[in-house]
Amino acid sequence: MTFPKDFLWGGATAANQLEGGYNEGGRGLGNVDVLPAGPDRMSVVLGEREMLDFEEGYYYPAQKAIDFYHHWKEDIALFAEMGFKTFRMSIAWTRIFPKGDELEPNEEGLKFYEDIFIELKKHGIEPLVTITHFDCPIHLIKKYGGWRNRIMLDFYERLARTLFTRYKGLVKYWLTFNEINMLLHAPFIGAGIVLKPGEDRKKTLYQAAHHELMASAIATKIGHEIDPENQIGCMVAAGDYYPNTPKPEDVFEAMQEQHHNLWLIDVQARGSYPHYILKQMEREDAKPEISDADAKILAENTVDFISFSYYSSRVASSSPEDKEKTAGNIFASIENPYLKASEWGWQIDPLGFRITMNSLYDRYQKPLFVVENGLGAVDTPDEAGHVQDDYRIDYHREHIKAMRDAIDIDGVPVMGYTSWGCIDLISAGTGEMKKRYGFIYVDRDNEGNGSLKRTKKASFDWYKRMIASNGEDL
Ligand code: P53
C-alpha cells in the first residue's frame, strides 16, 4: 500500500464561496461579501479600490453562492457517497461574531456549524476547519482598519477560543489562516486592508503579517490547551519557482521569490523570523514591531503540520521585460513553454507538485497536508445534464500519481489530499461560477441564474473509485 491506510482523502471549500445565506442566521457582513463579479473585482481583492458595502450596479456572487446554507445535508450525503474521509470547510467569522468585536458569540451561527460537524461525523467524515478563509468582518475593517491594527489579535483569539471550546470532540484538524502569504499580494482578502493614498505599503503589510502570525500562534497555543488532540496547521499558497534559464541571475531571482513566498510559513513552522526577511525589512525600513514577548509566543507555538494549495509551479526571470509581463498577476510568473495551461491560463505541472512537496518537507520536516489542488474548467452538460469531465480526471490522476511518488519514492509524509471545490462553487479570483472545479455540478451561472440542482459529473465516479482503492485505482 502506497498511501497510509488512514490517509485523509476528501474535498475542500470556503464558507463565502459556497454558503450564501449572507443575511440569514444573524450573520454580519464580511469583506468576502462585497467582492463584486466582473472587471472591478480584482482591484477590490487587491485592496486598491475601496468597496466596503454593496454598491449599485454590481452583482455580488457570495450573497447566494451555491446556497450550501440550505443544501448542506444533501451535499454532505454526496461527499459521503464519494467516500470522503475528510471535508475541508471554513467558518464565516460573521456567523459567529457578526461585527467581530462582540463579547458573546451568535448562537445561531455556532449551531449551524455544529449541525454540520455532527452530520459529517455521522458519515465518518473528519472535518478540517479553516478558521479564516479570506474572511474579515466589515465592521472590524471600518472601525479598526483590519489587520493593520493589533487589536485584531483579541478578536481573533475570542473567535478561536469560542470555536475550540464549542467544537471540542467534533473537530480535530484546524488551519488558522488560509494562504497566509496572500495578504502580501491581495491585502483586502488577506487582511481586510484597503491601502490609503501615500501609505507605506510594505510597512503596513509586514505589520499586518506580524499580527496574523501572532494570532495564529496564540490560536495554536489555545487549541492545544483546550484539547491536546487538536492538530493545527498553517496554510500557504505554494508552487515552487523555477529559474527561467540557468543564468545565475535567474536562479537568484527564483530563490528570492521562494523566500518571499515562504517566510510567513517559516515563522509558523520554525517559530522565528528567518534571517533573510529580517534583513529585507531593515533595508526597506519597514520592520514590524516584534517584542520579546511576541518572539517567545511565536517560538513556543509552532504548527503541527504544513498545509498548502498547489495549482501550478511558477517561473522567475531577472529580465525587466519579463517582470513587466507579469505585473498585475497575484503571483508573478512568466509562461513556462514546457507546460500546458488551463482555460484560465493556470499552467499544469504534476511533477512540479512533487517538487513542491519535496521542498516543503526539506525545509520544515513536518507532515504535509495537501488542502487544495484542482482544475478550474468550463463544463458543458449534455442533453441529459451529464458532464463528461475527462480533463478534470486527468488533472487529478496526474497530480495524485505525483503525490504517490513523493510519498513512495521520496519519503515525504503526507496526511491527506482535499481537492479544491469538490462541489462547484464561486471562484475567489474571478467571482465566476463558470470556472468550475467540482465532481458535483451545480446549476447556476455567472449572473446567478439556475436551479441550484446538484448533478454528479464523470469525475464523481472516478474519485469515488480512487478513494475506495486508497489511491491504487487511478
Ligand atoms: P480561483 C490565486 C492563486 C492561488 C490560489 O482559485 C488562490 C488564488 C485566488 O484566486 O486561491 C486559492 O477560485 C484559494 C481558494 C480559491 C482557489 O485558490 O480563483 O484558497 O479560495 O478558490 C482557486 O480559481
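How do the residues of the shell around the ligand divide into nonpolar, polar and charged? The legends below, for close-up views of a predicted model, begin with this shell.

**Figure 1. The shell of residues around the ligand.** The ligand is surrounded by 17 residues. Of the residues in this shell, seven are nonpolar, seven are polar and three are charged. The closest to the ligand are Ala237, Gly376, Ser427, Ala428 and Gly429.

**Figure 2. Helix α16 and the elements that cover its buried residues.** Helix α16 comprises 19 residues, 390-408. From its first C-alpha to its last, α16 reaches 26 Å, close to the 27 Å expected at 1.5 Å a residue. Its buried residues are Arg392, Ile393, Tyr395, His396, His399, Ile400, Ala402, Met403, Ala406 and Ile407. The cover over these buried residues includes the strands β10 (347-348), β11 (368-372) and β12 (414-420), together with the helices α15 (350-364) and α17 (458-468).

**Figure 3. The packing of helix α15 against helix α16.** The axes of α15 and α16 lie 8 Å apart and form an angle of about 35°. The crossing of the two helices is right-handed. On the α15 side, the contact is made by Pro350, Leu351, Phe353, Arg354, Met357 and Asn358. The residues contributed by α16 are Glu398, His399, Lys401, Ala402, Met403, Asp405 and Ala406.

Figure 4. Phe188 belongs to helix α9, residues 187-191. This residue counts as buried because 28 C-beta neighbours lie inside 10 Å. Apart from neighbours within four places in sequence, the contacts of Phe188 are Asn31, Val44, Val45, Leu46, Gly47, Ile193 and Val194. Phe188 and Val44 are separated by 144 residues in sequence, while their C-alpha atoms are 6.9 Å apart in space.

Figure 5. Most residues other than glycine have a negative phi. Phe134, although not a glycine, has a positive phi of about 55°, and Asp285, likewise not a glycine, has a positive phi of about 50°. Phe134 is located in the loop between β3 (126-132) and α6 (138-144). Asp285 occupies the loop between α12 (275-283) and α13 (292-300). Phe134 is buried, with 27 other C-beta atoms within 10 Å, whereas Asp285 is exposed, with 9 other C-beta atoms within 10 Å.

Terms used: Residues are numbered from 1 along each chain as its sequence is written. This is a predicted model: local features need pLDDT of at least 70, side-chain atom pairs count only at pLDDT 80 or more; totals for chains, interfaces and linings use all residues. Helices (H or I, at least four residues) and strands (E, at least two) are DSSP runs, numbered from the N terminus. The expected span of a helix is 1.5 Å times one less than its number of residues. A residue is buried if 20 or more other C-beta atoms lie within 10 Å of its own, exposed if 12 or fewer, and partly exposed in between; C-beta atoms are placed from the backbone. Two residues are in contact if their C-beta atoms, placed from the backbone, lie within 7 Å. A residue is near a molecule or strand if its C-beta atom, placed from the backbone, lies within 6 Å of it. Ala, Val, Leu, Ile, Met, Phe, Trp, Tyr, Cys and Pro count as nonpolar, Asp, Glu, Lys and Arg as charged, and the others, Gly among them, as polar. Axes are lines fitted to C-alpha atoms, for helices over the stretch in contact, and angles run from 0 to 180 degrees between N-to-C directions. A crossing is left-handed if the near helix is turned anticlockwise from the far one by less than a right angle, and right-handed if clockwise.
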